[in-house]
Structure formats: C-alpha cells, structure tokens
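Colleague: Could you walk me through reading a few features in this model? Keep it simple, please.

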Amino acid sequence: MDKAKRTIDYWCHDTNNRLYQGKGVGVAVLDTGIFPHIDFRNRITAFQDFIHGKVTPYDDNGHGTHVAGIIGGDGKGSRGKYCGIAPGCSLIPIKVLDEKGNGKKEYVINAMQWIKEYKELYHIRIVNISVGTTTQEDNSDLIRAVEDAWDTGLVIVAAAGNLGPHRGSITAPGCSKKVITVGASDMILKNQGISGRGPTRDCISKPDIVAPGNEIISCSNQKSPYAAKSGTSMATPIVTGGIALLLEKHPEYSNVDVKRKLKVSAKDLGYPHNLQGWGLFQLQRFLQ
C-alpha cells in the first residue's frame, strides 16, 4: 500500500464539501514550532516561543509543522491530496522543543499556564502534546500542570510515546489519568511495536485510544512541501483533528463528553487494553 493511500480513511480530498472543518475551534500545539506553510495560510492565530523568545512563527526542526499539518493543514499545496483532519481550525503553535527536538518539562509547564491565560482570547479548546519525557525523574509537577489545564475545561490530547514494546512505557504527560492518550494502531504489535503502553506507575491502563502513526504524510518545513513521519506523535493529531470537528458540531461538549464519545465510537482491535485502549479511532462514527 502506498503512502498516499495510508491516509484515505482520515483525509477527505474535497475539503470544500465537508460538513465540518473545525471552524471556530482553536488548537494549541506544543511542539517545535510551525513553519508558515501554504496549507496554514491565515489560520495561525498566535505563536509563543519558550525556547528563543521569537515572535514570528518558525520551526527549526519540522516535527511541529508536520503535527500541525495533520491537525489542520488544508491541502492547498497538494491540491487537496494531503489534507489535515480539521482544515478550518485555528492553530496556536507553542514552541517548547529546540531544533533537535529537545526541551525541558518547565517549558511545557509554562506553556500550559500561558494557554490557561489566553484560551478565551484565542478560542483554545484543544491542546495537542505530541511530546513526552523519556527520563525516569519525578514528573508530578508536569502532570499536575496538564491536569490543572484539563480541569479548566480544555481537551488535552497527548502521545503515548515511542518507548514500547515493554510494559510501563507511556511517557509523561501521556501517563496522566485525565488526559486523552493516543497510541499508534500500526505500531502496537506485542513484541515489535514501539508505541508506548501501560500500565503507568499509578497502575492506570493506557493508552486510551489508537490511530495510524506509520508513514503519515503531512506538511514539511523544507523545500519539499510534504514529508512522511512515523510515531505516536503522528497518531495523536489525527485524534486531535477529529475532536476539533466534533467541537464545531457540538460546541457545548465538555472534555469529559469528548472522552466518552471516543470510548463508545472506537473499534476494538482485539489487543489488550494496555496496547490499544478502547480501540481504533473511527472518525465517522465519532462524528455521528
């Protein structure tokens, strides 16, 4: 199966005829920043840089641009071939990782505080965190910051991480019991898949749901406008984009409502809960 066909179930080429596009929904993306790609046009409504303090959107790594493209690229640069899930949403990229993809948990904590302060101004409903700690240090302050943001009504979607296949390999903040943690459905084979899995230190079963994460094509920060990347970082924005569509359809939904809808609409893949959570994310069922 070629890479373009990998995305058919999630990307609709005719974006103009979509009933929902995520309009009016702001999505904060904690990552390496964002390149002002043609597919984002005028929908980058704010940018915050906790690495270098710059005010103009940029991405010196490319990971954040790729993630943002999966969430909300409109496919302009590919004539609709590589279109994000919610091409009408507003994007609020927050740079918490440097050019090598490294950062400190304090940057994420500060970002969560910034989001809480500005969520009304920029209509932020969802926070996508396709990053996670790989250290064994105490991350209670990071988890607390993310859960405090959840308690304000924000929908927090975090990657399960790529430290599988061993048990207890969910990264923080994806190990939080409150947030929606996403694994990669095509990277969860019991003895081979790298998708992070539970249980967590606190014996919480994770991830919550899985979506495709292998060889996903999205926006690039290089001369070539699109590139393929793999990992739970790519699966996470698929779910985030779907949530943006749902919140356009049902703006009254709470984060708990969203989580419940994910649970009842997922497809059981037959794996243990600590590998697949509730199952495979089903966009059309999710929106019904």
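Modeller: Start with the hairpin: β8 and β9 form one, with six residues between them. Strands here are DSSP runs (E, at least two residues), helices are runs of H or I (at least four residues), and both are numbered from the N terminus. This is a predicted model, where local features need pLDDT of at least 70 and side-chain atom pairs count only at pLDDT 80 or more, while totals for chains, interfaces and linings use all residues. Residues are numbered from 1 along each chain as its sequence is written, and side-chain values use heavy atoms, leaving out hydrogens and water.

Colleague: How many bridges join β8 to β9?

Modeller: Strands pair if DSSP finds at least two bridges between them. Here, four bridges join β8 (residues 216–219) to β9 (residues 226–229), and the two run antiparallel. Within that pairing, S218 stands opposite A227 in β9.

Colleague: Next, the nonpolar core. Which residues have the most contacts inside the largest one?

Modeller: In soluble globular proteins, nonpolar side chains tend to be buried together. A core here is a set of buried Ala, Val, Leu, Ile, Met, Phe, Trp, Tyr and Cys residues joined through side-chain atoms within 4.5 Å. Buried means under 20% relative accessible area, exposed over 50%, and partly exposed in between, using a 1.4 Å probe and protein chains only. The largest core has 71 residues, and L30, M112, I115, I156, I243, V258 and L262 have the most contacts inside it. Helix α4 (residues 232–249) gives the most to this core, with nine residues.

Colleague: How much of α4 is buried?

Modeller: Mostly covered, I'd say: 16 of its 18 residues are buried.

Colleague: And what does I115 touch, beyond its neighbours in sequence?

Modeller: Contact means heavy atoms within 4.5 Å. Setting aside neighbours within four places, I115 is in contact with A28, L30, I94, I124, V127 and L154.

Colleague: How many aromatic pairs are there?

Modeller: Rings of Phe, Tyr and Trp (its six-membered ring) pair if their centres lie within 6.5 Å; planes under 30 degrees apart are stacked, over 60 edge-to-face, and the rest tilted. The structure holds six such pairs. One of them, W114 with Y122, is stacked, at 6.0 Å centre to centre and 15° between the planes. Ring pairs also link W114, Y118 and Y122 into a cluster.

Colleague: Is W114 buried or exposed?

Modeller: W114 is buried, because its relative accessible area is 10%. Y122 counts as partly exposed, because its value is 22%.
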